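Have a look at the model first, and then read on.

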Amino acid sequence: MARMIRNGIPYGTEFKPNNRPDPNDTRGLLFACYQSSLENGFQFVQRAWSNNEKFPTSKTGYDALIGQAKDDGMLNITLHNDDEGDLDPGLGQFQKSVTMKGGEYFF
């Protein structure tokens, strides 16, 4: 079993829900995680869960927040209940909300 400690660190202009966002503002989330094994930690989570359109079952789609969808970048949300099967919450397809700007491993 691999353990992973992770944290998101916001940067940039503070988001104020009542104000219209300025497209020139730079804001984002720096993701940092610590683990004993890259292959069994972060890479596993990204490959097997976040970017696997069939996790936990078929038709559930990529992770709606951090999934990096292929091709057109469209995502969908399908919920799964073991008793009822796949449930469509009626949100349809939408553009991904997170844009990967880069990544690096530091040792």
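## Contacts, fold and pocket

Among contacts (heavy atoms within 4.5 Å) in the protein chain between residues at least 6 apart in sequence, 27% join residues at least 24 apart. This is a predicted model, in which local features need pLDDT of at least 70, side-chain atom pairs count only at pLDDT 80 or more, and totals for chains, interfaces and linings use all residues. Residues are numbered from 1 along each chain as its sequence is written, and side-chain values use heavy atoms, with hydrogens and water left out.

The pLDDT, the predictor's confidence in each residue from 0 to 100, averages 78 over the protein chain, and 85% of the residues score at least 70. One helix and six strands are present, in the order β-β-α-β-β-β-β along the sequence; these are DSSP runs, helices being H or I of at least four residues and strands E of at least two, numbered from the N terminus.

| Element | Mean pLDDT |
|---|---|
| β1, highest | 87 |
| β5 (residues 85-87), lowest | 69 |

Of the 107 residues, 13% are buried, meaning under 20% relative accessible area with a 1.4 Å probe, protein chains only.

Which element supplies the largest share of the lining of the largest pocket? That is β2, with nine residues. β1 (4-12), β2 (27-35), α1 (42-50) and β4 (79-81) each supply at least two lining residues.

Note on methods: Buried < 20%, exposed > 50% of the residue type's maximum accessible area, 1.4 Å probe, protein only.
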